[in-house]
Each structure stands twice: as C-alpha cells, then as structure tokens.
Amino acid sequence: MLPSAGVYYFPWEINSSVPEGTTLRTFGRLCCYDLARSEAILTTQHNSAQYQVCVDTKFVEPFQAQVGSFFMVLGEAEHRKETSSPVVKARILTCVEGMNVPLLEQAIQEQRKYFNERQEQRGNSTS
C-alpha cells in the first residue's frame, strides 16, 4: 500500500507536536549518514538557526548517500524516547541537488494558502 501524499512540513516545523504516524514531506542537506543504524540527519538553515531532521532509512536502502547533497523525504513521523522531535521513517528519499530552495519554500507557502482558501470555501458552502 502506498503512503498518502503527505503534507509538506518545513524542517523547523517538525517537533513533538507532529502526531505519530502523520505522513509528511520535508527536505534538507544530508549532514551525516550511519549505515549501521540506518539513520540519516538532514539539516537546513532558517533565519539564523540550524535545524535537523532525523530520518530512518531502513526502507530506502541502499541509496546514494552523498553528504552535503540536498534531499527530499516522504515518510511517517515516529516518536522515539531518545529524541525530542520525531524521526521520519522514510518511504521515499530522493536527492534533489541543485533545487532552488527559496522557490520551494515559496511554492509550499502558496500551496498552503490555496488549501486554506479551498477549505474556507467548502466551509462557507456547507453553512
């Protein structure tokens, strides 16, 4: 069974408030990869802060783990006792090196705006 499309979360939005099992998409630069633990760390800069997302890579191995390359991940949020923020259990992990990150962020914001407007229109039509 394929995972649902997944809502885009910016790496700085992934925290303990993301419900367990939520299908999500996010992105970041591959900072490190531990093959023995099947774990990758994606990082991204936002304003003056650096954010990390831990990715469980068991389901996508083997993959070309080029440290420093930009990756997008689709997977489910999983809460683990040893980490404060959820781990993303990757179903798809794709290298997207060369992607225009500010343009991606703008596209995600526009998509959210569109979905919110559509939800409001549905709410108004049922009233």
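Two strands are taken to pair if DSSP finds at least two bridges between them, the strands themselves being DSSP runs (E, at least two residues) numbered from the N terminus. The structure is a predicted model, in which local features need pLDDT of at least 70 and side-chain atom pairs count only at pLDDT 80 or more, whereas totals for chains, interfaces and linings use all residues. Residues are numbered from 1 along each chain as its sequence is written, and side-chain values use heavy atoms, with hydrogens and water left out.

Strand S5, which spans residues 70–78, pairs in the antiparallel sense with strand S2 (residues 23–34) over seven bridges, and S5 also pairs in the antiparallel sense with strand S6 (residues 87–95), over eight bridges. Met72 of S5 takes part in both pairings, being the bridge partner of Phe27 and having Thr94 as its bridge partner in S6. Strand S5 is mostly covered, with nine of its nine residues buried, where buried means under 20% relative accessible area, exposed over 50% and partly exposed in between (1.4 Å probe, protein chains only).

A search of the whole structure for disulfides, defined as pairs of cysteine sulfur atoms within 2.5 Å, finds zero. Cys31 is in no disulfide, and the nearest cysteine sulfur, that of Cys32, is 4.4 Å away. For Cys95, the closest cysteine sulfur is that of Cys31, at 15 Å, which is too far for a bond. Cys31 counts as partly exposed because its relative accessibility is 37%, and Cys95, at 41% relative accessibility, likewise counts as partly exposed.

Technical notes
Helices (H or I, at least four residues) and strands (E, at least two) are DSSP runs, numbered from the N terminus.
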